[in-house]
Amino acid sequence: MIERALMAGLNHRLLTVLLLALITALTAEGLPKLQVDTGLDSLISDADPDRQAYLRVAEEFGSDNRTLVYVRDPALWTPAKIDRLERLHDSLDSLDVVQRVESILTLRTVHGEGATLDSDLLLPDNARDAEGISRARAGALANPLIVGNFVSADGDATALMVTIRPPRDEVDFDARVNAALEHAIAPLRDEFDELFQIGPSRINAELKSALFQDLELLAPLSVALLVLTILLFLGSLFAAAVPLVTAGLSLAWTFGLMGHLGIPLNILSAMLPSLVVVIGSTEDTHMMASYFHGVSKATGDTRRFATRFMLRKMGVPLFLTVLTTALGFASNVFSSIGLIRDFALASTFAILANGFITVALVPTVLSLMGPRTARPGIGEDRVPGFTGLVVRLFGFGRRRLSGTILLLTAALCAFFLFQASKLYVTNDPFSYFRDDRPLLRDAATLQRELAGVKVFFVVLESDVDGAFHEPANVARLTEIQEFIARQGIFDLSVSLADHLALVNREFHGGDPVQSLVPGKRELIAQYLLFFHRRDLQGYLSHDARRANILVRHNVSDSRILNPHVRELKQVAAHIAGNDMRAYVVGENLMVNAAAEDLILAQAKSLGVLLLVIFLIMSAMFTSLKGGLVSLVPSVIPIVLMFGVMGLLGIPLNPGTAMVAVIAIGIAIDGTIHLFSRYNELCRQTSDNDYAVQVTVSEEAVPVLATSIALSLGFGILLFSNFTIIAQFGALSAATMLFAVLANLLITPIIMSRIRLVGLYDIVAMKVEGHALENSPLFRHMSNYQVRKAILISELQEFAPGELLIEQGTHGRSMFLVLSGEVEVLRHDGDETRSITRRGAGDVFGEVGYVREIQRTADVRALTRVQALRFDHDRMQRDLRYFPRIVAALNFNISRILGERLADVMDASDHHSVPPGEPERGASGR
Amino acid sequence: MSAIRDRRGRQALAASPRGGRRAVGRDRGRAWGRVWGRAAVAALALACGYVAAESPGAELASGPPGEWTAERIMAETVRRHEQFPHVYEEQTMVLTDTRGRRTVRKCRRFTRAGEDGSYRFLLVFDDPEEIRGVALLVVRAPDGSETRGVYLPAFGAEFKRPGDAARRGNFLGTDLAVEDLAPEDTANHRYVRRTDRTLEQVPYFVVDAYPANEAAQRRTGHALRRHWVRQDNFVIARTDFYDRHLRLARRITRHDLRQVTGTSWRPNMVVAHSEHDGHTTLLKVDRRVYSRDYVPEEIFDPAFLLANGHMRDLSERVAGRRAPAQAAGDGS
């Protein structure tokens with residue numbers, strides 16, 4: 001059935017093309033519906049326990065979707081500049097996307113002196129002369145709620161806090177907000193020394209713009225590199241064009257389906273064009289190499305022969321590799337982080353679609369217009385050029401230094417595992433950008449002068465109305481704020497306690513000693529009358545049950561942020577005690593907390609993928625140990641990759657977190673191709689080393705070509721606008737090169753020491769049933785076990801007259817005749833007599849198999865003979881992974897020997913049979 | 001004034017006080033039932049006490065609306081409605097934030113207006129308990145100058161004197177300014193009459209009020225106030241406050257208008273809405289008494305306040321005098 005499916009593209013070309021055209025038309029309808037999502041929400045884990053609390057807090061105390069407009073000018077506090085600042089303020093305030101603008105023009109301040117107490121705007125309309133402005137500056141710098149928050153310590157810089165009107169889930173809302181803010185700012189940019197805006201809208205807008213830049217740059221670069229690499233290795237423009245066609249169709253299907261299903265394009269799925277072009281091309285390259293191999297062997301209809309050859313040779317490995325690569329991507333489908341989940345869905349479909357299109361389209365195209373001439377190095381034992389050099393070098397290492405190489409690899413893996421222990425995780429939108437991005441420079445500038453643009457909340461909640469009129473409870477806020485200050489990584493915290501302390505100070509004539517929370521409940525309630533509800537809205541609930549500490553910071557590294565937040569949560573919970581609840585929440589915190597989920601997701605994905613691949617490979621090679629061994633060449637690159645990350649300080653982030661699973665999915669492809677070919681060759685020769693050498697020679701070109709193409713393709717991602725994509729690209733490229741090392745050096749060493757049997761071979765093998773069913777060697781063995789035993793053995797053919805066993809020699813092989821007829825001849829001096837003739841199903845040479853003795857007779861082919869040769873040493877080695885078969889075979893051999901002994905004994909007793917004449921079913925010793 | 005726009009740049013003139021009108025209608029319906037019972041007493045009291053000198057029913061007595069100047073319109077509003085020298089009110093203040101969450105306070109207001117244009121009022125908070133006794137005292141001299149004092153019992157026996165900012169800014173967490181609670185200071189404003197408007201079939205004079213001098217400009221928080229004066233009774237039913245960029249910043253509407261005498265009306269509900277943040281303050285008059293006894297002279301004495309006299313003695317005193325008081329208005 002598999003073969004029929006694989007041959008469909010060849011046998012039903014018109015139908016195949018029509019089917020592909022139909023699917024393309026259906027999926028293409030979804031393309032206009034494709035949306036782009038760079039929102040922070042997709043970075044937050046669905047499983048975050050703080051999500052609900054955050055939504056409640058944001059609803060109560062206001063959104064943290066705030067943009068800061070930074071203004072710096074040495075002459076800021078002059079009527080002319082204040083006038084321009086007001087124009088800026090008004091311009092921002094008039095935007096329909098803006099809910100509120102807070103600035104030194106709207107801030108209120110309390111000022112007490114003697115018996116007077118003024119609570120007024122910092123810069124009232126009617127005091128905008130030089131004197132009034134100067135007074136305002138002094139007032140601002142004396143107000144702890146303003147300095148560092150809205151005005152820099154030197155007074156030359158200020159920030160306008162713009163609260164964005166919900167909803168943010170409107171399509172392209174952030175882009176619209178960002179454009180509106182920029183439009184409002186642009187005319188006044190020259191009026192100040194420095195002027196910029198920074199906030200979630202700009203971050204998202206820049207993410208989106210960088211994403212499109214990536215799409216425009218990276219996909220064409222990937223295509224160019226792919227074409228060049230394939231041209232270099234396969235020397236065929238046609239071979240280079242095939243992956244482009246399959247990748248183009250796969251992408252159209254994928255993006256179309258994403259549009260239909262509402263899966264948005266995000267910063268990770270922007271890599272899809274590059275990934276599909278690069279990964280998809282690996283199969284195409286293997287297929288093209290195999291096709292050229294077929295061309296080199298073809299007689300008659302070259303295209304059809306070569307295509308059939310390619311499909312027979314590549315069909316199953318292709319199926320397996322598409323499956324494992326898709327599994328690599330799919331292992332992230334259950335990630336709790338929307339960004340990764342959406343990418344996993346899209347990329348899994350893309351890989352499956354690419355596999356389907358490849359299987360369907362490539363044979364069709366090749367059979368119609370494939371090249372008719374072979375390429376040098378393909379189908380030849382000796383590979384020329386650079387690939388040949390690599391093959392020879394690795395071959396030398398394998399033959400002469402295999403033990404050393406394995407030892408060195410183990411040591412290297414141990415070292416890199418140690419380095420991997422230094423791995424850390426981070427997930428912050430700022431860390432996605434390159435350091436030279438103006439956005440990051442502006443964020444750093446802002447933080448130097450004022451508190452950072454990132455905001456989170458610490459909320460204490462009581463069940464008692466008016467709880468935060470109680471001095472003891474307000475003191476808890478102060479205690480938490482003091483702890484935040486001691487932590488030393490957050491820029492600023494503001495709470496109800498600060499407001500009360502300020503009023504208390506001003507009620508005492510501005511005495512700094514009185515800058516503390518009053519000790520009487522009534523006084524707190526009465527001080528609160530001095531604030532308008534809007535001034536306290538961000539800090540105190542209307543029923544005074546909940547109080548909020550607003551914290552601003554600019555930490556962009558989850559490794560630093562998360563432990564401090566965890567510590568803060570513990571302390572806040574401790575301070576809250578039993579009568580209150582404490583929440584430390586913020587969108588930014590949840591995004592960073594998702595970093596923790598990344599590690600779990602990474603471990604889970606890796607575990608699941610390794611398990612699934614292990615099961616598949618075990619099934620495919622019909623051995624659990626075989627499944628385990630086939631993982632080794634894939635695991636080595638992953639260990640090295642994590643080691644490199646630890647060594648170079650590259651963090652685990654949404655980009656790099658995917659490298660391992662994707663790399664395993666890809667690296668296992670090479671292993672599958674190598675093992676498949678090796679097994680095929682092992683059935684034709686008893687020389688394992690030769691089989692390994694031929695396997696490596698044949699597979700070196702496609703393995704090296706695809707690995708280098710993959711490395712270069714991934715390397716292209718270094719040009720991405722996003723650090724996480726560049727890191728993903730660099731690590732993937734390195735991992736692909738590690739995979740070359742593993743597949744061409746380590747895999748052959750392992751291969752040469754084991755023998756695996758492909759399930760497909762077993763199923764597909766045509767056994768001449770009658771010849772074997774009655775063979776005493778396979779007595780009481782299932783058909784499956786018989787086939788497996790046959791596949792482990794060596795199939796040999798003999799011409800008439802050729803000796804299978806020669807009398808007087810030493811040998812430890814046993815034979816089972818599959819077809820043809822042999823004659824047992826015994827030489828006694830000059831006399832030669834024919835003892836018996838044997839045919840299909842007969843076994844001989846079993847005594848030599850069990851114990852090395854001198855052969856007592858010749859066994860010569862009378863006709864053309866096909867026989868299975870069971871070599872003792874090889875069977876012991878290869879069958880150690882199949883103990884049940886070994887036991888069954890040994891039992892049957894023992895039975896054969898036992899029966900023969902009994903026959904000999906009977907013959908001795910009755911002298912009916914001359915001594916040494918073989919019985920039916922056993923001869924040749 | 002086509003240049004007048006709200007803060008989003010939209011034409012503000014087309015705005016309608018429909019909501020306010022509906023509220024008036026609803027409250028009026030509920031209130032009438034309660035009012036009828038006291039109507040006779042109230043009418044008697046008013047007729048005997050304060051209204052003798054007035055000639056009622058003189059709507060637009062001096063000519064058709066087209067002939068009225070802005071100054072005359074404003075003078076008429078003051079003449080008709082600010083004629084009682086002693087007013088005592090018990091009020092409920094409801095502060096509503098943008099999410100509809102409410103904070104309720106109870107307070108008393110004592111007002112004394114002098115014939116020379118002087119004006120004093122004291123606002124005392126009674127509930128919640130924590131803010132009981134907090135007092136705001138405002139004294140306006142005949143020349144328009146004003147002094148203010150705030151007393152917080154929990155802070156101690158000290159009277160804090162807020163500056164001009166307290167006059168124009170929100171006071172005690174509300175959306176009202178002190179100047180909103182005082183009678184129109186016609187001497188310090190320049191008035192410009194705009195095109196009359198009709199809203200919900202009620203004709204209005206539209207009068208813009210600008211500070212007449214620099215001192216007045218400093219005292220006020222707005223560049224312009226636009227009064228919507230009902231042509232039938234000269235009540236300022238709505239005032240729109242514009243900032244110096246002529247953007248609508250705040251709106252006060254007056255509802256549940258009660259006719260005190262033939263020409264004098266008082267609103268029983270005032271709603272101040274901040275356009276900037278959507279915050280609203282509703283001031284509901286639960287009880288209003290026109291009585292010298294209810295507004296004793298000493299209530300405006302800081303020493304009396306600092307001794308917490310307004311918290312201790314006054315209630316007993318008022319309670320003792322309530323029976324013979326000349327109660328007018330409602331008490332709903």
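Q: How many bridges join E5(B) to strand E6 (residues 146-151) of chain B?
A: There are 6 bridges between E5(B) and strand E6 of chain B, and the two run antiparallel. Strands count as paired if DSSP finds at least two bridges between them. Strands (E, at least two residues) and helices (H or I, at least four residues) are DSSP runs, numbered from the N terminus. This is a predicted model, in which local features need pLDDT of at least 70 and side-chain atom pairs count only at pLDDT 80 or more, while totals for chains, interfaces and linings use all residues. Residues are numbered from 1 along each chain as its sequence is written, and chains are lettered from A and ligands numbered from 1 in the order in which they are written.

Q: Which residue stands opposite B:Ala135 in E6(B)?
A: That residue is B:Tyr151. E5(B) and E6(B) form a hairpin with 5 residues between them. In the turn, B:Gly144 has a positive phi of about 95 degrees.

Q: And which strand do 6 bridges join to E5(B)?
A: Strand E4 (residues 119-127) of chain B is joined to E5(B) by 6 bridges, again antiparallel. Here B:Arg120 has B:Val139 as its bridge partner in E5(B).

Q: How many residues of strand E5 of chain B are buried?
A: Strand E5 (residues 135-140) of chain B has 5 of its 6 residues buried. A residue is buried if 20 or more other C-beta atoms lie within 10 Å of its own, exposed if 12 or fewer, and partly exposed in between, with C-beta atoms placed from the backbone. Over chain B, 44% of the 332 residues count as buried.

Q: Moving to chain A: what is the order of the strands in the open sheet?
A: The 4 strands follow the order E12-E17-E14-E15 in chain A, with antiparallel pairing. Strand E12 (803-805) and strand E15 (831-838) of chain A stand at the edges with a single partner strand each, so one side of each lacks a neighbour in the sheet.

Q: How many bridges join E12(A) to strand E17?
A: E12(A) and strand E17 (residues 858-861) of chain A are joined by 2 bridges. A:Ile805 stands opposite A:Val859 in E17(A).

Q: Why does A:Leu257 count as buried?
A: A:Leu257 counts as buried because it has 21 C-beta neighbours inside 10 Å. A:Leu257 lies in helix H8 (residues 237-261) of chain A. Leaving aside neighbours within four places in sequence, A:Leu257 is in contact (C-beta atoms, placed from the backbone, within 7 Å) with A:Thr27, A:Gly30 and A:Phe349. A:Leu257 and A:Ala28 are 229 residues apart in sequence, yet 7.9 Å apart in space, C-alpha to C-alpha.

Q: How many residues of chain A are in contact with chain B?
A: On the chain A side, 29 residues are in contact with 31 residues of chain B. Helix H4 (79-93), strand E4 (116-121), helix H18 (521-528) and helix H19 (533-536) of chain A each supply at least two residues of the side that touches chain B.

Q: Where in chain A is confidence lowest?
A: Confidence is lowest in helix H26 (residues 759-764) of chain A, at a mean of 53, and highest in helix H16 (residues 471-487) of chain A, at 96. The score, pLDDT, is the predictor's confidence in each residue, from 0 to 100. Chain A averages a pLDDT of 81, and 91% of the residues score at least 70. Where pLDDT is low, the predicted coordinates should not be read in detail.

How values were computed
Two residues are in contact if their C-beta atoms, placed from the backbone, lie within 7 Å.
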